[in-house]
Amino acid sequence: MALWAGRFKKEINANVNAFNSSISFDARMYKHDIMGSQAHAKMLAKQGIISRQNLTEILKGLNDILCELENGDLLFDPHAEDIHMFIEAELTKRYPESGKKLHTARSRNDQVALDLRLYTRDEIKDIQGMLMELMQVLINQAKGHTHTIMCGYTHLQRAQPITFAHHLMAYVEMFYRDYTRLDDCMKRLNVSPLGSGALATTTYPIDRHFVAQELHMNDIMYNSLDGVSDRDYAIELANDLAMIMMHLSRLSEEIILWCSWEFKYIELDDAYATGSSIMPQKKNPDIAELVRGKSARVINDVSTLLTMMKGLPLAYNKDMQEDKETLFDAIDQVKLCLPVFSDMINTMKVNKQRMQECAAKGFINATDCADYLVKKGKAFRDAYKTTGQLVAYCIDHDEVLETLPLDIYKSFDEVFEKDVYQAISLLTCVENRLVDGGPAPQTCQKAIKRMEKQLEAL
Ligand code: ARG
């Protein structure tokens with residue numbers, strides 16, 4: 001018999017019950033439902049709405065339920081309408097008089113709004129821990145490669161020399177923004193809707209601020225209609241998670257390229273790669289591919305939530321029950337991806353030699369050659385043109401700038417001297433880019449230190 005059976009003359013149709021029920025996916029919020037109910041009950045007792053005796057029984061009953069759910073002595077009833085109904089019914093079985101009072105001055109509408117906030121608050125902390133781990137792994141790899149020359153690309157065409165550390169640190173910046181974006185989401189998420197009731201609060205003299213404090217929330221929500229029907233924080237969180245996945249996916253794409261035979265910049269550890277069922281030579285970067293693939297679904301989760309919400313009149317509508325599977329999916333995918341991704345990065349081997357060799361072949365020092373001419377008094381546009389002609393000559397004659405004889409240089413412009421070779425050596429090109437934010441080893445080391453300080457402050 002459903003808790004709301006009074007108004008009804010018939011039992012709910014079994015298929016409708018199954019269709020309507022959310023316990024199969026909202027059961028995971030059991031801890032937060034109990035936490036919210038305990039805070040609510042404490043407030044009811046403090047305000048004299050229920051007795052001390054009621055409170056003692058409610059707190060004990062809920063604690064027992066929590067322990068039993070955790071150790072497996074109590075199983076979720078798959079026929080329950082949702083986790084909120086299940087726990088209340090279970091409490092009422094144990095302490096009928098007190099259990100029946102728990103829902104005084106509360107609706108499932110403000111209850112579920114609270115539970116989802118409490119649940120996502122914990123998940124955000126978990127995800128931030130995982131992001132921190134990933135950033136540390138990337139920083140560790142970067143520290144070993146501040147002098148590892150690598151070709152930097154634009155349009156996936158060879159552009160200018162950088163270092164592998166500089167490249168990795170670009171991702172640390174992204175994940176740092178992701179981390180702080182979650183902090184920001186937390187500010188708006190960590191406010192209490194409890195007391196909004198079904199939509200219009202209640203006539204009981206409740207103390208909403210007390211509940212918020214009990215639950216370590218920053219404040220209460222100041223409009224009850226908004227309190228029960230706001231899912232902005234869920235959309236914001238999904239968006240933040242989509243951003244994390246987009247960043248992971250970009251790095252995945254690079255890892256996939258880098259471990260191809262065409263690049264061979266890195267080699268994944270055997271434990272973090274897979275083989276082929278038919279081609280004995282294969283070593284596939286499945287983790288990176290799967291992360292790239294999963295980013296699609298998390299990105300779509302944002303759009304599912306926005307589309308689900310956009311036509312809903314105030315206040316609560318059952319459509320909103322659909323928020324959970326979508327948001328949980330985004331959370332689950334990110335939590336699956338981050339740790340395995342960190343391990344993959346941590347164990348990969350970097351082929352310094354190969355990176356250096358590839359960097360030497362693509363005329364990525366052409367800008368520096370032009371800059372050399374500028375230092376000898378030429379205007380940049382003229383220097384740019386001369387260098388372009390030099391590059392064309394090299395391509396036609398299968399040469400590179402590093403070994404092109406000086407007399408040939410001179411045939412393009414008399415100002416070229418022996419020091420051109422020093423000016424265009426890849427190491428010089430990198431070492432001279434000392435501007436803040438640049439790839440020079442000492443600049444990059446500074447950036448690493450700065451980032452480490454920022455991480456400590458989080
Ligand atoms: N399971 C519901 C949800 O997830 C709980 C709220 C139901 N409220 C109601 N009045 N039917 O949204």
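Biologist: Where does Ala105 lie?
Modeller: Ala105 sits in the loop between α6 (96-99) and α7, helices being DSSP runs (H or I, at least four residues) numbered from the N terminus. This is a predicted model, where local features need pLDDT of at least 70, side-chain atom pairs count only at pLDDT 80 or more, and totals for chains, interfaces and linings use all residues. Residues are numbered from 1 along each chain as its sequence is written.

Biologist: OK, what's the phi of Ala105?
Modeller: Positive, about 65°, although Ala105 is not a glycine.

Biologist: And which residues does the cis peptide bond join?
Modeller: Leu314 and Ala315, with omega at about 0°.

Biologist: Where's the place of Ala315, then?
Modeller: Ala315 is in the loop between α12 (286-309) and α13 (322-347).

Biologist: New topic: which residues are around the ligand?
Modeller: You'll find Ser22, Asp26, Asp82, Arg108, Asn109, Val112, Lys318, Met320 and Gln321 there, each with its C-beta atom, placed from the backbone, within 6 Å of the ligand.

Biologist: Which helix gives the most to that shell?
Modeller: Helix α7 (residues 108-143), with three residues.

Biologist: And which domains does the shell draw at least three residues from?
Modeller: Domain 1 (14-104) and domain 2 (109-357) each supply at least three; those bounds come from an automatic or database domain assignment.

Biologist: Last one: what in α8 meets α20?
Modeller: Ala165, His166, Met169, Val172 and Tyr176 do. On the α20 side, the partners are Cys444, Ala447, Ile448, Met451 and Gln454. Contact here is C-beta atoms, placed from the backbone, within 7 Å.

Definitions and conventions
Two residues are in contact if their C-beta atoms, placed from the backbone, lie within 7 Å. Helices (H or I, at least four residues) and strands (E, at least two) are DSSP runs, numbered from the N terminus.
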